[in-house]
Amino acid sequence: MFELHVLGTSSARFAHGRSVSGSVLNTPGGLALIDCGEGMQKRMMDHNRALKSSGLENRTRISRIRAIFLTHGHLDHTWGLLPLLQTLDLDGRQNRMVVMGPSTRAAIDWATQHPGEAPPVDSGISSTDLAILFSQWQAIGTKDEDASYTIDWVLIPIDDDQPFKSPIQPLEGVTVTIVPTHHGVPSCGYHFESKGGVGKFDIEKANEMGLSKGQIGQLAQGKDIIIDDESLSADSFRGEPQPSPSLLVSGDTAHGPVGFNAEKLPSPPRLLLHEATFLADKQEKATQYYHSTAADAARHATSCKASVLALTHYSSRFKSLSSFVSEAREHFSGPVAVTLDGDWFEIATDGNVFHHVRVENGWNKKNL
Ligand SMILES: [Zn+2]
């Protein structure tokens, strides 16, 4: 099961009660963040307190974070990272932390040769490439030997448009796939897939063969047994493995990356959380600034065969978001959710997706 707590749904700046990007992903392999905009640690603490006071068992504690996945280096997605890392040090954290994100080989080489420096304007390397930011953040103290814990800063060079399995897999039992996207700096989305459950045990087959209770018990535990000198494999008593639910978080992107395609991904996501900065009347502007419209997000949802589309990352020009759903529905036949700060999604093991909509004293649970 996955839970995705979306704690910021505004692009670029705070607006209409909406914070900048940052989501908490709870997985069978531990807690992770996807982006970490300004004020993220406080948002997590407030959200955690609200979960607790409404009697829910779900939690978003900063001490539990195992990995932070950054989609790109723009500050509205990263400016909350250092304060959060510092709080963890003050708290005496011991466990390693993985902070990872996309870059280019040129930027990684440059940052290795010029640690802590900004690249010259004519170098073709963006000053908000994560290789540059990581190197600067290390220079101002995150590489401190006196820190209570170690940070693994992981840069993923993006060479082309094709999705690929992440070389670092920080969440046990969860496979992370990097989905290169189209933005003004090296950028990617992340596809998360948990291992499916084992198939159903075929008790009828075992009974028909006249196996004893003890033998059936062994097979059910996954142990092969020997009957009349013949080996019976436990696997042959199991049906098809349960589907492994997956989700895809887009990060910032213009329309068109090849990764938003069911054939290119390990599995079609049950949930696609996709940016929708604009509506289609500003399509030209969206493309120019490497962002999506609600229609673009819906086209990606259709091409990657997502079951549910959830929109986020709205421009501050929009107070009301009602047109986002109607526009997306023209290009995607599945359920469309407008996400607001504090909403969370549950992707159940059977693939069902629930939208927990933030209300004054808790959440309303909707089956999508
Ligand atoms: Zn953004």
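In which loop is D228 found? In this predicted model, D228 lies in the loop between β10 (225-227) and β11 (230-232). Its phi is near 50 degrees, a positive value in a residue other than glycine. Most residues other than glycine have a negative phi. D228 counts as exposed, because it has 5 C-beta neighbours inside 10 Å and the limit for that class is 12 or fewer.

A positive phi of about 50 degrees is also found at H16, which is not a glycine. H16 belongs to the loop between β1 (2-6) and β2 (22-27). With 14 other C-beta atoms within 10 Å, H16 is partly exposed.

The interior may be considered next. In soluble globular proteins, nonpolar side chains tend to be buried together. Here the largest nonpolar core has 83 residues, of which A32, I68, L271, L309, L311 and A328 touch the most other members. Helix α5 (residues 130-142) contributes the largest share of this core, six residues. Leaving aside residues up to four places away in sequence, L311 touches H274, A276, A294, A297, F324, A328, V336, V338 and T339.

Helix α5 also packs against helix α4 (residues 105-113), at an angle of about 25 degrees and with the axes 8 Å apart. Angles under 35 degrees count as roughly parallel, and α4 and α5 are therefore roughly parallel to each other. The crossing of α4 past α5 is right-handed. On the α4 side the contact involves A107, I108 and A111, which meet A131, I132 and S135 of α5. By class, this contact has five nonpolar residues, one polar residue and no charged residues.

How values were computed
Residues numbered from 1 in each chain as written. Predicted model: local features only at pLDDT ≥ 70, side-chain atom pairs only at ≥ 80, totals over all residues. Core = buried A, V, L, I, M, F, W, Y, C linked by C-beta atoms within 7 Å. Buried ≥ 20, exposed ≤ 12 C-beta atoms within 10 Å, placed from the backbone. Helix = DSSP H or I, 4+ residues; strand = E, 2+ residues; numbered from the N terminus. Contact = placed C-beta atoms within 7 Å. Axes fitted to C-alpha atoms, helices over the stretch in contact; angles between N-to-C directions. Parallel < 35°, antiparallel > 145°, perpendicular 65-115°, else oblique. Left-handed = near helix turned anticlockwise from the far one by under 90°. Nonpolar A, V, L, I, M, F, W, Y, C, P; charged D, E, K, R; others polar.
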